[in-house]
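These are my notebook entries on a structure that I went through for the first time. I set down what I looked up, entry by entry.

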Amino acid sequence: DFKLLLVSEHDDIVNELKVVTKFVERTTGLESEVRLINGGLWKKQENFRASHPYSPDDYDKTSPLEQWKSQHPLGLQIITQMETENPLSKDVLTKSLRRALKQFRQVKIEEYDDLGDGCVLMATWREGSVFVLWDGRGHVDINLFAYEGLDEEESEAFNLWFRGNTSLRVVLYDEHPRGFGRVVSYKHDFDPDVEPHWAQGK
């Protein structure tokens, strides 16, 4: 291996680096690889004053407003990953799931353990569903979705009840509004009859 460290103050260093690496490959037969580029910071301009300061009102809001109004949020999806160093089993996870679902009515739970070392638990009810994937060791993925009756407080309660009597700890938590029309807003935050503040006039 041949490693080369370059230091440059030239504004066009990236384009020049492309030219140099291609030339080296063509003339030597060596294969080049740029592994790291540090820098790219803005140059400070003392006493800088913009020739024309822009505000949000200077930008065309037509396209983002159309996207905003096209939203139809229907529910909430929450992805949680949990891990533990202690042994787990399908029975332990099934009991955890039943305990966590006490807040929902008419829940149907199905179990699948005929593939791989772990298992998949699937629970469905009228307003939503949850899938629990266990890798057979110490990692558990939970995919929870509901049309109604699920907010931050309810999801925290679900995770708390699920982890009860186990040493599972949350290592990832992510929530997403779900629906159609390029949804980015939560159902409880969205009112199609009210324009967002950024779309209102001056």
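**Entry 1**

Glutamine 106 lies in the loop between α3 and β2. Its phi is positive, about 50°, although the residue is not a glycine. I then turned to arginine 182, which also is not a glycine and has a positive phi of about 55°. Arginine 182 sits in the segment after β6, and its relative accessible area of 64% makes it exposed.

I noted the basis of these entries: the model is predicted, local features need pLDDT of at least 70, side-chain atom pairs count only at pLDDT 80 or more, and totals for chains, interfaces and linings use all residues. Residues are numbered from 1 along each chain as its sequence is written, and side-chain values use heavy atoms, with hydrogens and water left out.

**Entry 2. Phenylalanine 104**

Is phenylalanine 104 buried or exposed? I found it buried, because its relative accessible area is 12%. Phenylalanine 104 is placed in the loop between α3 (90-100) and β2 (108-112); helices (H or I, at least four residues) and strands (E, at least two) are DSSP runs, numbered from the N terminus. From phenylalanine 104 to histidine 72 I noted 32 residues in sequence and 24 Å in space, C-alpha to C-alpha.

**Entry 3. Partners of strand β1**

I looked up the pairing of β1, where two strands pair if DSSP finds at least two bridges between them. Strand β1 (residues 72-83) runs antiparallel to strand β6 (residues 169-180), and eleven bridges join them. Glycine 75 has arginine 178 in β6 as its bridge partner. Strand β5 (residues 139-146) is also antiparallel to β1, with eight bridges. There, methionine 82 is partnered by valine 140 of β5.

**Entry 4. Salt bridges**

How many salt bridges does the structure hold? I recorded seven, a salt bridge being a side-chain nitrogen of Lys or Arg within 4 Å of a carboxyl oxygen of Asp or Glu.

Arginine 169 pairs with glutamate 83, their closest N and O atoms being 4.0 Å apart. This pair links distant parts of the chain, with arginine 169 in strand β6 and glutamate 83 in strand β1, 86 residues apart. Arginine 169 is partly exposed at 39% relative accessible area, and glutamate 83 is partly exposed at 28%.

Arginine 137 forms a salt bridge with aspartate 117, and the closest N and O atoms are 3.8 Å apart. Arginine 137 lies in the loop between β4 (128-134) and β5, and aspartate 117 in the loop between β2 and β3 (119-125), so the pair ties together parts that are 20 residues apart in sequence. Arginine 137 counts as exposed at 53%, as does aspartate 117 at 62%.

Lysine 108 and glutamate 110 form a further salt bridge, with 3.7 Å between the closest N and O atoms. Glutamate 110 is partly exposed, because its relative accessible area is 23%. I also noted a network of salt bridges that links Lys90, Glu111 and Asp113.

Key
Buried means under 20% relative accessible area, exposed over 50%, partly exposed in between (1.4 Å probe, protein chains only).
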